Amino acid sequence: MKKTLMAGAALSLMMTGSAWADITIAVAGPMTGQYASFGEQMKAGAEQAVADINAAGGVNGEQLKLEVGDDACDPKQAVAVANQFAGSGVTFVAGHFCSGSSIPASSVYAEEGIIQISPASTNPAFTDERPGPGVFRVCGRDDQQGAVAGKFLVDNFADKKVAFVHDKTAYGKGLADATMAAYEAAGGKPALYEAYTAGEKDYSAVVSKLKNEGIGVLYVGGYHTEAGLMARQMKEQGMDTVLVSGDALVTDEYWAITGDAGEGTLMTFSPDPRKNEIAKPVVDALLAAGKTAEGYALYTYAAIQAWKTAVETAKSTDYDPVVEALNAGTFATVLGDLSFDDKGDVTLPGYVFYEWKDGQYDYLVQ
């Protein structure tokens with residue numbers, strides 16, 4: 001009798017949709033380490049997307065299960081995370097954040113037949129040299145971002161000495177180089193080009209050199225932690241140099257590092273998705289749960305939306321039909337309607353300038 005009841009219970013569990021019938025997807029980024037604020041953004045967006053999709057009936061009648069991978073923006077750890085996902089049966093990854101993590105991880109995903117859509121990796125090589133057709137991104141590229149920033153520097157700071165520094169990473173160096181190339185193409189002449197070491201606490205040597213050279217504008221190819229320290233230390237040395245950077249400053253942690261020294265910092269980022277009317281319910285839900293909606297939260301949400309629609313179009317989670325659907329489709333997301341070109345790059349509006357003011361960033365008013 002006991003065996004009969006157990007068999008019946010097992011059959012009932014299989015018929016009603018058991019845990020092993022769930023579709024496992026993942027989000028990967030720096031959940032720990034000095035860039036963990038971006039991992040927090042991505043995790044918040046992914047969790048909200050999964051909750052909303054499951055509440056609406058799931059994907060092709062199946063519920064989503066989310067795994068979270070911490071790469072700490074380290075290439076070796078990113079590869080380990082990718083292999084872990086493969087072993088867990090993950091079919092899709094929204095990630096990674098750092099280009100230096102996304103690029104090596106993409107080789108694992110291509111080999112294992114896992115779709116990858118990065119919400120944040122902007123280095124051109126990520127898609128220009130992608131190892132398989134299942135690699136996409138919903139953010140822009142450094143050459144696009146650099147073109148906007150380089151022209152802006154020439155147009156707005158023709159009377160100032162402009163220096164370019166970078167942190168030697170795929171993202172930081174790539175962005176600095178792209179911006180400097182556009183700056184030079186528009187007629188600008190860089191006063192200084194140097195690398196710095198990420199993770200240090202004291203950049204006074206760099207700052208002193210900038211001061212001695214009379215640098216009026218500092219372009220930083222790197223992340224908010226180091227840029228914030230440079231902004232603060234320039235202020236401490238009595239400098240009024242304008243700090244300009246890219247999309248890795250879209251976190252409240254930047255102001256937590258700089259304080260008032262961050263006033264007037266300029267940065268490029270895509271049009272703020274929080275201002276999209278279609279994104280309002282998601283933003284409200286995130287804020288109500290005490291989570292962040294800034295930066296790449298909505299980009300991660302959109303990556304999962306695009307994948308979901310492609311799976312429903314393909315009526316399968318299998319790699320080839322989903323890739324085909326991603327290549328052919330237009331997807332309604334919190335970022336707006338988007339599609340992908342033949343490289344896997346997104347077709348969305350490009351970069352605009354923001355200004356940090358009173359502890360917040362918003363569109364630059366000129």
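I checked the torsion about the S-S bond of Cys-73 and Cys-98: it is about 80°, so the disulfide is right-handed. The two sulfurs sit 1.8 Å apart, and I counted a disulfide as a pair of cysteine sulfur atoms within 2.5 Å. The pair ties together distant parts of the chain, with Cys-73 in the loop between β2 and α3 and Cys-98, 25 residues apart from it, in the loop between β3 and α4. Searching the whole structure gave me 1 disulfide.

Housekeeping: this is a predicted model, where local features need pLDDT of at least 70, side-chain atom pairs count only at pLDDT 80 or more, and totals for chains, interfaces and linings use all residues. Residues are numbered from 1 along each chain as its sequence is written, and side-chain values use heavy atoms, with hydrogens and water left out. Helices (H or I, at least four residues) and strands (E, at least two) are DSSP runs numbered from the N terminus.

Are Cys-73 and Cys-98 buried or exposed? Both are buried (under 20% relative accessible area; exposed is over 50%, partly exposed in between; 1.4 Å probe, protein chains only). Cys-139 is in no disulfide, and the nearest cysteine sulfur, on Cys-98, is 12 Å away. Cys-139 counts as buried too, at 3% relative accessibility.

Next, the backbone. Most residues other than glycine have a negative phi, and most peptide bonds are trans. Ala-72 has a positive phi of about 55°; I found it in the loop between β2 (64–70) and α3 (75–87), partly exposed at 29%. Lys-168 has a positive phi of about 75° and belongs to the loop between β6 (162–166) and α7 (170–185). I also noted a cis peptide bond from Gly-95 to His-96, with His-96 in the loop between β3 (92–95) and α4 (99–112).

Then I looked at helix α6 (residues 142–156). Its 15 residues reach 20 Å from first C-alpha to last, close to the 21 Å expected (1.5 Å times one less than the number of residues). Its buried residues include Gln-145, Ala-149, Phe-152 and Leu-153.

Last, which elements each supply at least two residues of the lining of the largest pocket? They are α2 (36–55) and β14 (360–363). I sorted the lining into 3 nonpolar, 5 polar and 9 charged residues (Ala, Val, Leu, Ile, Met, Phe, Trp, Tyr, Cys and Pro as nonpolar, Asp, Glu, Lys and Arg as charged, the others, Gly among them, as polar).
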